Amino acid sequence: MPVLDKLILVGGKRLEGTVQISGSKNAVLPIMAASLLADGTYTFGNVPRLRDVRTMQKLIENMGISVTLDGHTLRIYSQPCEHCEAPYDQVKTMRASIYVLGPLVGRFGRARVSLPGGCAWGPRPVNLHIDGLTRLGAKIHFEKGYIVASARRLKGARVSFDIPSVGATGNILMACVLARGTTVIENAAREPEITALAGFLNRMGARIEGIGTSRLEIEGVDELHPADTDVIPDRIETGTFLAASHLTGGDVTLEKTSPALVNSILDKLRIAGAEITETDEQIRIKSDRSIRPVDVTTSVYPGFPTDMQAQWMALMSIADGSSVITDTIYSDRFTHVAELRRLGANITLDHNVAVVKGVRTLSGAPVMSTDLRASASLILAGLVAKGRTDVSRVYHIDRGYETIEKKLQMLGAEIWREQEKLVV
Ligand code: EPZ
């Protein structure tokens with residue numbers, strides 16, 4: 001009988017104290033894939049202990065590379081991959097598996113990577129990854145749900161994205177650093193995780209210019225070498241704990257983070273009534289019990305991140321008034337709405353626009369996680385809902401938050417984990 005964990009919360013506790021933010025899930029996954037680009041030993045610090053990190057570890061171990069995770073230090077011993085393949089049973093659990101495609105084609109000239117399926121909130125296309133690799137000279141066809149790519153040696157080209165895709169930018173970057181000649185990526189993603197990846201690749205001997213801007217120029221080199229790095233803080237975990245504290249009228253200090261990564265979230269929280277003080281690596285957020293309604297429209301970095309949309313909706317569900325939340329990145333990332341409504345939230349949804357009418361209180365109920373950030377949204381709501389809230393299928397949350405219940409317990413939340421026996 002399958003056993004799935006669930007998190008139980010009893011709402012009403014004010015969060016206070018200090019919490020340490022973990023390294024960024026979305027930063028560590030591409031640099032793990034980058035270790036395919038050069039043989040030798042890599043040491044990564046501040047690595048978050050997450051299901052997705054283990055998935056990526058298994059993926060590159062399948063290619064003959066050995067990986068050890070000791071505490072928050074990941075060591076990779078890279079060597080030429082025996083078979084350059086990412087099988088469906090792994091890719092289906094994590095879309096970011098596609099990050100191995102670029103380095104495999106760029107270094108070994110061949111790759112067989114399963115097409116990522118959809119996810120809880122809809123199709124997740126990879127056309128920009130494919131088009132970019134084709135521009136660099138890769139021959140690509142599809143068979144039995146797999147992307148099959150081959151190339152003698154990729155050749156630098158101009159790659160222009162019609163959407164500043166995070167994943168496609170990362171993949172094309174890792175593909176072209178060993179190409180012959182120069183590549184220009186136009187309309188590149190500027191997310192901090194891509195900036196960190198580009199910096200890491202340069203430490204490996206790549207020649208990337210324009211880092212942090214939407215135009216990257218990469219002069220291909222013949223060989224790279226391993227490098228070490230510390231993973232940047234997770235800006236979405238940071239935003240999630242900031243929202244959790246404001247929701248409960250708390251007083252919380254976040255350590256090992258970086259305010260510069262979350263300015264758009266801090267701006268919105270100040271308008272929502274939070275008092276925020278910052279140092280280079282800490283953020284303190286103090287709130288009274290009132291939450292002002294604040295409209296949010298998600299956009300690419302440095303705008304308000306789509307990965308905070310669900311958490312912001314939980315916060316606005318008990319605000320003193322109405323707010324409008326629009327997701328311009330994913331038009332269907334709203335599976336959390338139905339579950340929040342079960343807790344008493346008053347939300348109307350029209351395509352990618354949600355109108356949230358703040359209610360005085362939410363009331364606890366059993367709810368189900370559907371994806372990573374929807375789970376975070378339900379946990380936030382459970383922190384303030386009257387009575388008990390059971391959030392089931394929290395394997396979703398374990399993908400992107402390291403021991404979230406322990407961190408919240410340390411801040412005074414009444415939350416614990418139980419095993420749920422599924423009746424099948
Ligand atoms: C990354 O996903 C993140 N994941 C996502 O975080 C995040 O929501 C997303 O960027 C947007 O910021 C990782 O970094 C591992 P995109 P990615 O390519 O790269 C469309 C989380 O919660 N698109 O920037 O897959 C796409 O449909 C996860 O941590 C194409 O049309 O996102 C979307 O509408 C969830 N064709 C938009 O671009 C493509 O080939 C942005 O997607 C690729 C993307």
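Guide: Here it is. This is a predicted model. Start with the lining of the largest cavity: one nonpolar residue, two polar and three charged.

Visitor: Which residues line the largest cavity?

Guide: S24, N26, E193, D234, R235 and I236 line the largest cavity.

Visitor: What volume does the largest cavity have?

Guide: About 30 Å³. A search of the whole structure for cavities of 30 Å³ or more finds one.

Visitor: Back to S24. What does its side chain reach at the start of helix 1?

Guide: The backbone nitrogen of N26. A side-chain oxygen of S24 comes within 3.2 Å of that nitrogen. Both S24 and N26 are also in the cavity lining.

Visitor: And helix 1 itself, how many of its residues are buried?

Guide: Nine of 10. Helix 1 covers residues 25–34 and is mostly covered.

Visitor: Which ones are buried in helix 1?

Guide: K25 and A27 are. So is the run V28, L29, P30, I31, M32, A33 and A34.

Visitor: Pockets now. What's the volume of the second largest pocket?

Guide: About 340 Å³.

Visitor: How many residues line the second largest pocket, and which lie nearest its centre?

Guide: The lining has 16 residues. Nearest the centre are R289, I318, R360, T361 and V384.

Visitor: How does that lining divide into nonpolar, polar and charged?

Guide: Eight nonpolar, three polar and five charged.

Visitor: Switching to strands. How do strand 6 and strand 7 run, parallel or antiparallel?

Guide: Parallel. Strand 6 is residues 85–86, strand 7 is residues 110–114, and two bridges join them. A86 stands opposite V113 of strand 7.

Visitor: What about strand 7 and strand 9, in which sense do they pair?

Guide: Antiparallel, over five bridges. Strand 9 spans residues 146–150. A111 has A149 in strand 9 as its bridge partner.

Visitor: One more residue. Where is D251 found?

Guide: In strand 15, which is residues 251–255.

Visitor: Does D251 count as buried or exposed, and why?

Guide: Buried, because its relative accessibility is 15% and the cut-off for buried is under 20%.

Technical notes. Residues numbered from 1 in each chain as written. Predicted model: local features only at pLDDT ≥ 70, side-chain atom pairs only at ≥ 80, totals over all residues. Heavy atoms only, no water. Helix = DSSP H or I, 4+ residues; strand = E, 2+ residues; numbered from the N terminus. Buried < 20%, exposed > 50% of the residue type's maximum accessible area, 1.4 Å probe, protein only. Polar contact = N/O pair within 3.5 Å; in protein donor to acceptor, adjacent residues only side chain to side chain. 1 Å grid on protein atoms, 1.4 Å probe; cavity = no way out; pocket = protein on both sides within 12 Å on 5 of 7 lines; lining within 4 Å. Points joined across faces, edges and corners; volume = space filled by probe spheres on them. Nonpolar A, V, L, I, M, F, W, Y, C, P; charged D, E, K, R; others polar. Pairing = 2+ DSSP bridges.
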